[in-house]
Amino acid sequence: MAVVGGLIARAVGNQVASKLGELVKDEIALLWGFCDNVEGLREKMEDLDALMRDADDRLRRGERDGEAVGRWLAKYKSVAYDIEDMLDNLDATMLIEKTQSKVKLFFSGNNQLLQRSTIAHGMKTVREKIDKIEMEGKALNLVRHQATAEGSRNNETFAACSTEGMKTGMVGRDIEKEKIISLLLTSEANSDISIIPILGLGGAGKSTLAEAVLADKRVTVFDAQIWVHVSEQFDLRTIGSRIIRRLSSTINLDKCDLQLIHDNLEKVLSTTRYLIVLDDLWEEDGDNLEELKRMLQYGCKGSRIIVTTRSQRVVKALSTGFLAKEHKICPVAESDQISLDVLSPGDCWEVMKRRALGPDDDQSDLQVIGREIAAKCVGLPLVANALAQVMFERRTIEAWENIRDTKVGLGLREEQQNKTLECLMLSYSYMKLEFKMCFTYLAVFPKGFVMDQRHLIQQWTALGYIQSHDDGERCINYLLGMSFLHISRSSSVGPGPVHAKTSQKLTMHDLVHDLATVITSTEFLVLDANATKPRGSNRASYCRHARLINYQNQTKIFKDLPTTSRSLHFSYSGKLQLPQMAFSRSKYIRNLDVNGSSVQGQSTSSNLVLPSSIHKSKLLRYLDATALPIKSLPKSFHTLRYMQTLILSKCSLETLADNICCLDKLSYLDLSCNVSLTELPDSLGKLSKLSFLNLLGCSMLQELPESIYELTCLQHLDMSECHAIKKLPDKFGALLKLIFLNLSGCSKITKLPDNLKLQSLEHMNLSNCHELQNLPKDFGNLQRLGFLSLSECYKVSVLPKSFCQLVHLKSLDLSDCHELMKLPECFGNLFELDSLNLTSCCKLQVLPESFCKLSKLR
C-alpha cells in the first residue's frame, strides 16, 4: 500500500512550496533573517518536484519498483507536512508578537528568542531530511522531468459550469426504465403500496436509473416525489425526518423521538400519493425493515417505493413481516424486479463518447483507442464517466494511448472491487494536481454524508488546499465533471423554490468514497470512543485527519487524539459534553467540526460551553459548533487570530463578546437561529475581511450596529426572520460589494435607507416585510439586480419610476402585494425579465402598454 500512500505527495509538496515562496517576502522572515533558509528550502522543494514527476509516472505505469517509489513519496510527504507546521508556527508567532506586550512575551512560551532558536533548529532538521530524500531519489534512478505541455494542463480551469452540461444520460437501460414506469402507473386502483427493487453492483447505474424515472413527465401523477439516500448507516429517525421535511416545513423535528416521527409521518402521508426512492439500502435486518414499512404504510392508494440496493438479501428481508404477508406493503413479484447487469464495452464507449469527444476531434483514430479504454471500465457507468472526463481534457492520440496502457495495482482482496477501484484510481492519477488534496479530504465524511458546498469550500480554504471561494467552486465543478461528486437529491428541506445563490448539497458515491479512503489510508484515523484501539491508520503519529465516532462523554478518548491532526470531525455521537482540556493536544488543528445537529440525546445543560483549551489550537481556522447549547464563547476565544470560518448556528447564544472583532481574518460568520441573541458588538465593522454574515432566525435581535457599513468585503447578508428589527442603519447602502441580501420576514421594517449604493447587489428578498411602505426613489441604482421578491409586502402601493432602470432583472415576485395600484409605464424596459408573479395583487387593474415588450416572460 506504499504506492497508494504516496499518491498525494506531490500535491502536498506543491502546496508547501507555494507557502515558502510567499514567506520569502514576509516581514517576519526579513526581521528574523530567515530569508536565505526559506529560499533554500523553496528551491529544494522545486528540485524535488522535478523528480516527483518521474515518480508519479512510474506509479501510474505500475512499474516493478512502484512499492519503493511509493515509500519514497510517503517520506517526502511527511517532511513536507513538517515544513508546513513549522511555517504556520512562524506565522502564528508573528501574530502573537503583534498583539502582546514584550514583557508578557518574554515570560511566556512565545518568547521571541526561544521561538527564533526553535524555528531555526527546525529549518535545519527538515533541510537535512530533504537532502537525504533527494539522495534516496537518485538511488532509485529517478530523473528530473520538466513540465510538459500535457502537464501544464493542470493550470487550466475546468470549463463545466452547470450540472446540466455534465449529464450524459443513460445508455443501455431504456428497457429497465420503461418497465419501472409501467409498474409505477399500472394498477392504480390497487390500495397496496408496492416496493420496486433495483439491484446491481456498485457503480452500475442504479441511482442514475432511478433519477431518470423521476425526471420522466409521466410520473408527475404522484403528489410528492421524495429521494432519501440511506447508505450503510441505517437510521429510522433520519429517514423519517427527511421525508417529513420534504412534505412540511412547519413541523418541528428538534429532539423528536421515533414515536413522534411515526406520528408525524402518519399525518403528512395520509393525504399524499407518494413516490419515494430509498437509495442505496444496505439494511438486511427484517425487524428494522418492518419498522420502516410501518412508517411508510400510510400513503394514499397507488403510492410506490423504489429501492436501490446491491443485495438480494435486502429484497428478501423486505418480503418478510406482517405488512408483507398482508400485502399492504411489499416488493413486486420477483419477475418484475429490476436487476442491472454491467454494460457491454460498446455501451461503455457510448457513455464515454458523449463526454470525451469534442466536435473537432479526429473521430476515427481516437474512437479506436477509446473503445479499447472502454474495455477497462468493468461495465460500470461510474467508471466510464470518470475516465471520459480524463479523456476529454487530453484529446490527443498519445494521451489516450497512455491512459489505455496505464495500470494501477492496489492489492485489494475482492476481485470486482479491486478492478473497479483500480479504474477509478487511474482517473484520480490524472486529476489536476491542485484538486487532488481537495478530493482525498472527502474521506473524512461518513459514507452517504450530505456535504454543504459552502462549508466544504471553507474547510478546503482553512487547510490551504485552495486560496479563494472561486477556486473552490472550480474544484467542485471539476469533481462533478469527474463523477466523483454529484448533487444530492436527498438534500431538500421542504417545499418551495430554491434560488441559485443557495448552497448546493453534495454527496459521493460509495465506491468513490472507498477510493478516497484507500488513498488517505496512511493519513486518516477513525477514533471509536467505544473501541479499545483506533480504526484506520496504525501509525497515529502521521495522522492528518481524524473522525471521532460514538462519543458518549468518554473524556479519556481525547488523550488518543493525534497531535498532528489538521482536522477533527464528530459523527454518530450521543452527547457532546466536552472536557475543559479536550483540545489541549491539538495545536496543529485547522478544522474542528463539533456540529451537534444530528446528535441523539443531546445534553441540554445550560452551562455547556466550548472548552477553554480551545485557545491551544492557535492555528484553528474553521469551527462548526452548530446546535451546541452554548450561551457564550470562552474568554480566550478572541486569541484564535487565524479564525476564518465560525459557524454558531442554532446555539443558545445570548451575547457575543465585543472582542470577537479581534478575529481580523474572519470571513464567514453564521449566527443563524440564535433566538436569544439581542445585539451584535458595536465594533462589528472591524471584521474587515467578513464576506458572509448569516443572521437568519435571530428573532430577538433589535438592530444592526452602525459600524456595519465598514464591512467593505461583505457579499452575503441573510437577515430573514429577524422579526424585532425595525430599521436598517442609515449608511447601510454603502455596502458596495454586497451581492445577496435577504430581509424576508423582517415584518417591522417600514422603509429602506435612502441613497442605496449597493452596486453589486444581484439577489434581494423583501418578502413578508408586512410594514414596508414603499421602495426608495433611487431604488433603480441597483442595476445589477437579477432577483427581487416583494411577496406579501401588503402596504407597498407603487413602484418608483427608477424601477425601470433594473435592466438586468430576471425574476420579480409581487404576489400578495394587496395595495399595489399600478406598474410604472416604462415597465416594458425590463427586457431580461423572464419570471413575473402578480398573484393576488387585488388592486392592480391595468397593465402598462409597454408590458407587451416583455418577450422572455413565462
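I worked from a predicted model, in which local features need pLDDT of at least 70 and side-chain atom pairs count only at pLDDT 80 or more, while totals for chains, interfaces and linings use all residues. Residues are numbered from 1 along each chain as its sequence is written, and side-chain values use heavy atoms, with hydrogens and water left out.

**Helix pair.** I looked up how α9 (residues 174-185) and α10 (residues 206-215) pack, and found an angle of about 55 degrees with the axes 10 Å apart. Axes here are lines fitted to C-alpha atoms, for helices over the stretch in contact, and angles run from 0 to 180 degrees between N-to-C directions. Helices are DSSP runs of H or I with at least four residues, strands are runs of E with at least two, and both are numbered from the N terminus.

I then listed the contact (heavy atoms within 4.5 Å): E176, K177, I180, I181 and L184 come from α9, and L209, A212 and V213 from α10. I sorted these residues into six nonpolar, no polar and two charged. Ala, Val, Leu, Ile, Met, Phe, Trp, Tyr, Cys and Pro count as nonpolar, Asp, Glu, Lys and Arg as charged, and the others, Gly among them, as polar.

**Cysteines.** I searched the whole structure for disulfides (cysteine sulfur atoms within 2.5 Å) and found one. C804 and C826 form the disulfide, with their sulfur atoms 2.2 Å apart. I noted 95 degrees about the S-S bond, a right-handed link between C804 and C826. The pair joins distant parts of the chain, 22 residues apart: C804 lies in the loop between β22 (787-789) and β23 (811-813), and C826 in the loop between β23 and β24 (835-837).

C804 is buried at 6% relative accessibility, whereas C826 is partly exposed at 26%. Buried means under 20% relative accessible area, exposed over 50% and partly exposed in between, with a 1.4 Å probe and protein chains only.

I also checked C438, which is in no disulfide; the nearest cysteine sulfur, that of C475, is 4.0 Å away. C438 is buried at 0% relative accessibility.

**P629.** I placed P629 in the loop between β15 (622-624) and β16 (645-647). P629 is buried, with a relative accessible area of 13%.
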